[in-house]
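Take a first walk through this protein chain. Start with the model below, then follow the text from strands to helices to core.

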Amino acid sequence: MTKPALFMPRARRSHRLLAALTAGALALLAPYAFARSDDASGARLAQACAGRDGWAEPAPPARIASETGIKAWYVGTCGITTLLLDSDDGLVLIDSGVAEAADIVLGNIRKLGFDPRDVRWLLSSHEHHDHVGGHAALRRTTGAKTAALAVAARSFARGKISPEDPQRGRIADFPPFPVDRILADGGALAVGSLKIAVHATPAHTPGSMSWTIARSAAEAPAMTIAYVDSATTISAKGYRFTDHPDRVAQARNGFSVIRNLPCHVLVTPHPSASDLFARLAGKAPLIDAGACARYAAKASAYLDTRLTQEREDAPQAEVTKP
Ligand SMILES: [Zn+2]
């Protein structure tokens, strides 16, 4: 009798202690019951960049949608996206940002525990310095190969934007770099566990490229990250889209391709264009299969408005956003 009498209260005490600890833990977890596991790094990114969107302003790295089964991280700055993918057989980068941001991108890759020399491919959205300004430096540092559509590759080799670009005259040159592999529209790179397909979406520039990233394994969840290029039809002062029907037709073709992309997680070269930081922080839906279609519809409506304004001969103010 003595032994159980002494033992039992201790057991009950530890039981009560366990129950109290469990209740405490549940109470702590309750507000985050529906939060995503990546929200912490997304929240740090959103907080670090609150009120800051400079192209060379440092930002911490953040995981992107681990639910997709794709190992993807934001490793860019507060104003420009660089997307890092781990294929299980080497790394892939899409976009480098401005030349001054190359060290920020490299630092973020290292912070995640990766070696920049494991970057095998360096891809890009479009032929403007705010997205490929760091390519020459990153290509040298990492030893990665570059791949692009032929039309963009011509600009990359010269370090200049396309002669047909509506923003010609107001976009700076960038350090040129060679393209190691020319991809056909719809073509894909098979890298480790990933299939990374390129889509010509020539809305913003003649060489605009969007990328869809999916796991190649048959049993993998069929979720796609869509890295969709800028689709804004903006221009240098004095340019009239109504004078360039071919450019308008290309832009409309770009919208149509974007509308139909497989698109579970939309990521854009300018994070603000897809409200990316708020979505990574769990403040807005990150996975949204309708996001690409809405992005295309918004860009299409913008072009319609612009064409109407030009026809009405309204004075065309220079649009300063890239
Ligand atoms: Zn641009």
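Two strands count as paired if DSSP finds at least two bridges between them. With that in mind, look at Ile94: this residue stands opposite Leu123 in β5. The model is a predicted one.

Now take in the strands around that spot. Strand β4 covers residues 91–94, and strand β5 covers residues 119–123. The two pair in the parallel sense, over 4 bridges. Strands of a sheet pair through backbone hydrogen bonds, either parallel or antiparallel. Here 7 strands form an open sheet, with mixed pairing. Their order is β1-β2-β3-β4-β5-β6-β7. At the edges are β1 (62–63) and β7 (181–183), each of which pairs on one side only. Helix α5, residues 135–142, packs on the sheet. This helix touches β4, β5 and β6 (145–149). The direction of α5 makes about 170° with that of β5.

Move on to helix α3, which spans residues 102–111. Which of its residues are buried? They are Ala102, Ile104, Val105, Asn108 and Ile109. These residues lie on the same side of α3, because they cover an arc of only 165° around the axis. What covers them includes β3 (83–86) and α5. Just after α3 comes Gly113, with a positive phi of about 90°.

Next, the core. The largest nonpolar core has 81 residues. Which residues have the most contacts inside it? They are Ile64, Leu93, Ile225, Leu280 and Cys292. Helix α9, residues 291–311, gives this core its largest share, 6 residues. Look at Ile64 in more detail. Leaving aside residues up to four places away in sequence, Ile64 touches Ala72, Trp73, Tyr74, Ile225, Val265, Val267 and Leu280. Two of these partners, Ile225 and Leu280, are also named among the core residues with the most contacts.

Finally, step back to the whole chain. The protein chain has 322 residues, and 44% of them count as buried. Its secondary structure comes to 9 helices and 12 strands. Among contacts with a separation of 6 or more, 67% join residues 24 or more positions apart.

How confident is the predictor? The chain averages a pLDDT of 89, and 85% of the residues score at least 70. Residues 1–34 are another matter: the pLDDT there is below 50. Beyond near neighbours in sequence, this stretch has 0 contacts in the model.

Notes. Residues numbered from 1 in each chain as written. Predicted model: local features only at pLDDT ≥ 70, side-chain atom pairs only at ≥ 80, totals over all residues. Contact = placed C-beta atoms within 7 Å. Axes fitted to C-alpha atoms, helices over the stretch in contact; angles between N-to-C directions. Buried ≥ 20, exposed ≤ 12 C-beta atoms within 10 Å, placed from the backbone. Arc of directions from axis to C-beta. pLDDT = per-residue confidence, 0-100. Core = buried A, V, L, I, M, F, W, Y, C linked by C-beta atoms within 7 Å.
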